[in-house]
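Please keep the structure open while you read.

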Amino acid sequence: MAERTRKRNSRKAKAATPRKLSVKPNVGTLAEHTYDPKQFEHMDTGTVLARLFAHNKSTGEQGIQRATNYIGIGDPGVGKTTVLLEYLADAQKLGAKTLFISGEMTRTDMKEYLDRFPKFKTIPILFLGEYCDEPTDLLLEEVLAEGYDLVLGDSFVEIQEALVDTCKMRTKAAEKFIIDLMLKHNAGHNHGKHYTSFIYIQQMTKGGTFVGSNKLKHNTTGMFELRHEGNSKYLEFSKNRRGDMGKRLYYDLEAIDGNINWNEARFLRDEENREQAQKEKALAEKSANDFDTLFKKKDALDEQESEIKSSVAKRLMSGEIDEVEAIKELNKLTSVQLEDAAESVTEDI
Amino acid sequence: MSGITSLSDELFNQRKREALNSEAKFKTIPMYDLELVDMQHVIFEGRKVGITRAAVKGLFKILNIPEKIVLRFEQATSVEGMAKFVNMLKNSMKNSSDMSITLVANAQGQIVAINSAGKGVITNESFFDIVERLADNHKLTPIDFSVNPDTGAVAINAINEGDGSFFGISGLKDEKFMSGITLLNSPNKGMALKTYVNRLSCANGITTTGFNEDVPLPTLDGGALEKFYGQVDELAKNGFQPNGFTDAVRRAIGTKASYAELEKIANAIQKSGKSIDDIYMLNKWIPLAETMDSYKRAGIDPLTMSQAQKKNASTGTTVWQAINGMTHFATHNNGFEVKDYNRRILQKTAGDVLAKKSFDMENQIVTPYDNISIEDIQAKNAF
């Protein structure tokens, strides 16, 4: 009772105090802003997946760009963690500093992955389950403070719940915390001044859609899904500010030389097919215009021929020309020639 | 290696230009915008234009009306009555106000095809892109290329000179074949790939369609292209040999053609070219005239036979001989004026005959009563 009264009084006190900004707003034009070129570097693993995440059409660069954030959802067993750990491992091989925050799996769970994909062994991992009694907010701040290029969180909801459990945060506040932390490190506010990129695996609703607020959606560069299709699996972006959307990249989790088997041939073929379909649409539009032009010309020709026929009839009636001459004139007309034209011998045209 | 002559690049490009220049134009319009006047004319956008039989059939197909019913209606009423009937059905269809159709017109402004919206028409430019991709992927060489000058419809035969495409038939040492593909693009069906077989002893070409190796491509939307390439890849695994071809050839060799079958083939050949005035001119390829004379000498006039009787009337020609006569006529210089495109259609028709589930005389058995005299035949037929 006393606690409730204390809280109520505290809220009243807060409401009574006039609110003030703690910082001075920085309103300026982008002309005055200086960009760090490092912020726009891509972490290119050389795979088709890298291209799907992001590609710069003018420079040809591809791969996850620094300071960008992605959320991925997927069917159970489709390989969300495997696919993204592979990206981390490949980026790490090329010099990126990576981190995996595991809210769902333990070290024992990871063993199965290591047997199939030995390259995952070198990825630094923070197992949240090993810090159940520690405040998750401080834990995350401390670990991330070092600065990383690419961080994978599995899953957003589990990390959020850890914050709720250990820090007594409300769910919304926990979400805000993770987003704020993300934005802070996107801006390079860490020891290594790394413009950190984040990928979060997220859970799905029963309807198969993404769980999360609009705020979370708006703070992501891209959202992707991993789905089953018969015996196949694919990854597809539904939102992507830096790369392609609506293109499916099929894959197979059966490791080949410790790597996921990406069906690059099919992806390139699908691209070619899409381009062909778009070209056909443009050609169909042109054909429709040509169709209209053809019939406008035909209308004009028909009108001309109608006038000629009328004139021939008048001249015949007036005796200016005889029947033979009239027939000769009429035979020159296209419409008469058309009626004589043989049709194709078969029904197949 | 095969002895078959491939097309030069120059000729291929020349035919390609012809196909692109003569290509029909198409436009999608709301279905209610089209009215049938009679079997030769329609009105759309306020103008009366000519229409071909094939296009009218396309309209009936969309409306799901059998042509026979329409013709009977015309006979029972009048041309105007028939047109009213068709237009009424068209406008009464569920969602007819939302339905669209694609009209295809040749350079003379005649409607040559009517298709459901967005289906059955692929531009020749896209067709050639796909042909080139297939040729690269499967190392195909074009050997025939024909263009219908009225509609721009295209037919290309191509072979793959890899080992998998040569095959024979065990027990028939003289029969050697080479498989490939026929690629067709027409304004009423879109694109299609069919298997093609060349009989090497005489280089006769046949386009096979009835062995479930018909791969259609009516549109490029919605994954249709991926499905098409996938099906072609499957056929390529077997060197494009049509499944069941060798069995069909055995059956055709072992079965006499019926009079009806011989007549059908002869008629198809006669229609394909100009100045083929009578069937005697075709005896070299299809001995229908000779067969007719044999029957007449036996006192039977085939002209008085019913179709059912013709199907049961044996001839001295095997089905295989008749098919080869047709494909020889279609593939080689025969002294008649035959359009290239019609030659390809004959090759396809020959394939249709070969792929028949059962030939007319196939289930005939020798009976104790077969060895009878001509007098007995005449006496039998007198009844």
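## A charged pair to start with

Is Glu130(A) buried, partly exposed or exposed? Glu130(A) is partly exposed, at a relative accessible area of 42%; here buried means under 20% relative accessible area, exposed over 50%, and partly exposed in between (1.4 Å probe, protein chains only). Arg107(A) sits in helix α4 (residues 107-116) of chain A and Glu130(A) in the loop between β5 (125-127) and α5 (136-145), so the bridge ties together parts 23 residues apart in sequence.

## How to read the values

This is a predicted model, in which local features need pLDDT of at least 70 and side-chain atom pairs count only at pLDDT 80 or more, while totals for chains, interfaces and linings use all residues. Residues are numbered from 1 along each chain as its sequence is written, chains are lettered from A and ligands numbered from 1 in the order in which they are written, and side-chain values use heavy atoms, with hydrogens and water left out. Helices (H or I, at least four residues) and strands (E, at least two) are DSSP runs, numbered from the N terminus.

Side chains of opposite charge can pair when their charged atoms come close. Over all chains, the whole structure holds 50 salt bridges. One of them joins Arg66(A) and Glu41(A), at 2.9 Å from N to O. This pair links distant parts of chain A, 25 residues apart: Arg66(A) is in the loop between β2 (64-65) and β3 (69-74), and Glu41(A) in the loop between α1 (2-16) and β1 (42-43). Arg66(A) is buried at 13%, whereas Glu41(A) is partly exposed at 33%.

In chain B, Lys27(B) pairs with Glu45(B), with the closest N and O atoms 3.1 Å apart. Lys27(B) belongs to strand β1 (residues 25-30) and Glu45(B) to the loop between β3 (41-44) and β4 (47-50), so parts 18 residues apart in sequence are tied together. Lys27(B) counts as buried at 16%, and Glu45(B) as partly exposed at 37%. Back in chain A, shared partners join Arg51(A), Asp244(A), Lys247(A), Glu271(A) and Arg274(A) into one salt-bridge network.

## Where the chains meet

Contact (heavy atoms within 4.5 Å) involves 31 residues of chain A and 47 of chain B. Between the two chains there are 9 salt bridges. Among these is Lys281(A) with Asp221(B), at 3.9 Å from N to O. On the side of chain A that touches chain B, helix α9 (residues 264-318) gives the largest share, 22 residues.

## The nonpolar cores

A nonpolar core is a set of buried Ala, Val, Leu, Ile, Met, Phe, Trp, Tyr and Cys residues joined through side-chain atoms within 4.5 Å. The largest has 42 residues, and those with the most contacts inside it include Phe177(B), Phe245(B) and Leu354(B). Among the elements that each supply at least two residues are α7 (245-253) and α8 (259-272) of chain B, while α11(B) gives the most, with 7 residues. Apart from this core lies another of 40 residues, Ala54(A) and Trp262(A) among them.

Note on methods
Salt bridge = Lys/Arg side-chain N within 4 Å of Asp/Glu carboxyl O.
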